[in-house]
Each structure stands twice: as structure tokens, then as C-alpha cells.
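I am opening a notebook on this chain and setting down what I looked up, entry by entry.

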Amino acid sequence: MCVCSCVCATNASRIVYCPTHRHLSSDHWADLVDHTASAVALAKALRVQPTLKELHLHTNRIGSDGVAALADMLRHNTSLTVLNVAQCWIDSVGVIAVADALHHNTTLTTLWIGRNSGGPAGAEAFANMLQCNTTLTKLSLNGHGIGDAGVTAIAKALTLRGGCASDTLDVASNQITDGGAVALAAMLRSGNSSLRHMKLNRNRIRCAGATALAGALQRNKTLVTLLLDNNTRVTDAGAVALCEALRSNRRSALRVLSLNETGLSKLGQTALRELQARKRARQVKKAHNHNNNNHLSLIHISEPTRPRLI
């Protein structure tokens, strides 16, 4: 059965297949009564589908049964490189099923499974998978409620992964505190991780966590993006520590540091702007002397929130 005939058989509202880019996406199946059955039928077709590269099913209520069928598909499919099942009403059983399937998959490089309900158990399953899967490089677990225990397990797994390529880790909105930030800092400091983009926005990190990350950035040579937006307890001390770390590390690859909606005052913001100006001047000088078009560092900060009058 081809993918198109499978989709027709399940009466999906809008499924778009682009043969040029081998990309299949579905808009929200609002008119379907049984989204799970649709996902199951689609997964069966994809077990033997030899050319599809990307499958986007985000914001469809496919549930754990549907994602279990997709997980089984991942054990057999050898072409899919991107799977997006974000906000698909998947519980920890379904999340664990996907993680277990990826023990046997050697083609998927990107998995967006955020805004589901994996919890610490789901994070532990992904941590176990990352130690043996050397293909997956981009993982989004935002909004899973994994907490410090979950992110610590993942950080340790990425450290043990050694030289295997790691590109993006999105653990935003996971109730991560300073303990989780310390574990991530240890991973960055180990030298074994090649992680390039880390999203920690909308967590509960304070100055101790930001300072720990700063300590890791004194030596790290791979991280390009660090998002700490909406960690409202990160104050000036954390921002100053980050600035000092980046100022001392001449080989830092960091290009984007985002601290919007944090607890910075004018002091912290001034430190960040001075760092940005210094980095920009250094890059311009380097480009002038060596004809090198390196990207300029970008620091995103918002104005401090004014106190409300009661």
C-alpha cells in the first residue's frame, strides 16, 4: 500500500506530500473522530515506504496507541530522517516506546516530541537510547516535565556518547532548577559533547545554575546557542558570570545568548551589551585582517520589567 492510498483510506483532512523534498505533513485532523486509527494506518504504510524523509504530525491527537504504531514503524523504516510528533497527547508509555524503537533505528536524525507527557521516566528512556544510538542529533523534549532527574540522565548520556555528533537539545519548560543546570554544565565542561544548540528557556534556573553554565563556557568550544529566556530568577550575578566566561574564552563558538524576561537590572544588561560590543569589534577586526566572514555574536536581552503600581 502506498502512502497516498493509506491517507485516502483514513479520510485525513489535510495531508500534504511533497515528492520533490520527500516530505509528508498533516494539518490538525480536526474533522476526524479517531486520530489514533489514522496514525496506525499511516505507520503501517511507512514501514516499507522507501523514499519519505520527513513526517510531521504535530498537534494531532494520535495518543499513545498511535505513537506505538509509529514506534514500531521506526524499527523497520530505513528512510525517515525527521519525525515531528509534538503536542500529540502522548503519555509516558508512548514516549518510552519511541525511545526504545530508536535503539534499532540508524536513519532518524531529528525528533520533535515536545509538549507531551514523558516525565522523568521518558527522559530516562531517551538517556538509555542516546548511549547506543549514534544517529539522532536533534532532540526536543520541551514541556515534558522531566525535571532535574530527567535532564541529569540525559546530560550524563550525552557525556558518555563521546565523539558522536550532537546538534540540538531542547529541554525548555521542564521545571529544571539549578541542579539540572549543574548537570548540563558538567556535560559541556567534559569535552566529550559536541552539542551546538541548547534551549533552557522557561525553566526555574537561578544564579547558581547560570554561574555553573558560565564555568563550563570558559572552556567549551562547540556551543553556538544558549537560550535562558524566562528564567526569572537569573539576576545580574549570573549574567556577569556568563560575560566573564565568554570574555576569557577566545575559542568560544557561542553566537547567540538569550536572556529575555529574566531578573536582570541595568547592571546585568550593561555587562551583556559591553560583551556584545567587544565581540563584534573582535570579529570585525578578524574579518578585516584575515578576510574572514565570521558571524557576529548576538545577545538578546529585554528591558527590565518596571514595578507595577498598586
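**Entry 1: salt bridges**

I looked for salt bridges and found that the structure, which is a predicted model, holds two of them. In one, the side chains of R47 and D72 meet, with 3.0 Å from N to O. I placed D72 in helix α3 (residues 63–76) and R47 in the loop between α2 (35–46) and β3 (54–56), so this pair ties together parts that are 25 residues apart in sequence.

Is D167 buried or exposed? I have D167 at 15% relative accessibility, and because buried means under 20%, D167 counts as buried, whereas R196, with a relative accessible area of 36%, is partly exposed.

**Entry 2: helix α7**

I turned next to α7, which has 13 residues and reaches 18 Å from its first C-alpha to its last, close to the 18 Å expected at 1.5 Å a residue. Which residues of α7 are buried? I listed D178, G180, A181, A183, L184, A185, M187 and L188, and I found that the buried residues of α7 pack against α6, β7, β8 and α8. After α7 comes G191, and I recorded its phi as positive, near 85°.

**Entry 3: A37**

I looked up A37, which lies in helix α2 and is partly exposed, with a relative accessible area of 36%. The C-alpha atoms of A37 and I62 are separated by 7.9 Å, although these residues are 25 positions apart along the chain.

**Entry 4: the chain as a whole**

I counted ten helices and eleven strands in the chain, and of its 310 residues 51% count as buried. The chain exposes about 14300 Å², of which carbon and sulfur atoms supply 52%. Among the contacts with a separation of 6 or more, 83% are between residues 24 or more positions apart.

**Entry 5: confidence**

I ended with the pLDDT, whose mean over the chain is 83, with 79% of the residues reaching 70 or more. Where in the chain is confidence lowest, and where is it highest? I found the lowest in helix α1 (residues 3–9), at a mean of 33, and the highest in helix α8 (residues 207–217), at 98. The pLDDT stays under 50 over residues 1–21, for which the model has 43 contacts beyond four places in sequence. Over residues 284–296 the pLDDT is also below 50, and I noted eleven contacts in the model for this stretch beyond near neighbours in sequence.

Note on methods. Residues numbered from 1 in each chain as written. Predicted model: local features only at pLDDT ≥ 70, side-chain atom pairs only at ≥ 80, totals over all residues. Heavy atoms only, no water. Helix = DSSP H or I, 4+ residues; strand = E, 2+ residues; numbered from the N terminus. Buried < 20%, exposed > 50% of the residue type's maximum accessible area, 1.4 Å probe, protein only. Contact = heavy atoms within 4.5 Å. Areas by Shrake-Rupley, 256 points an atom, 1.4 Å probe, with all protein chains shown as cover. pLDDT = per-residue confidence, 0-100. Salt bridge = Lys/Arg side-chain N within 4 Å of Asp/Glu carboxyl O. Expected span 1.5 Å × (residues − 1).
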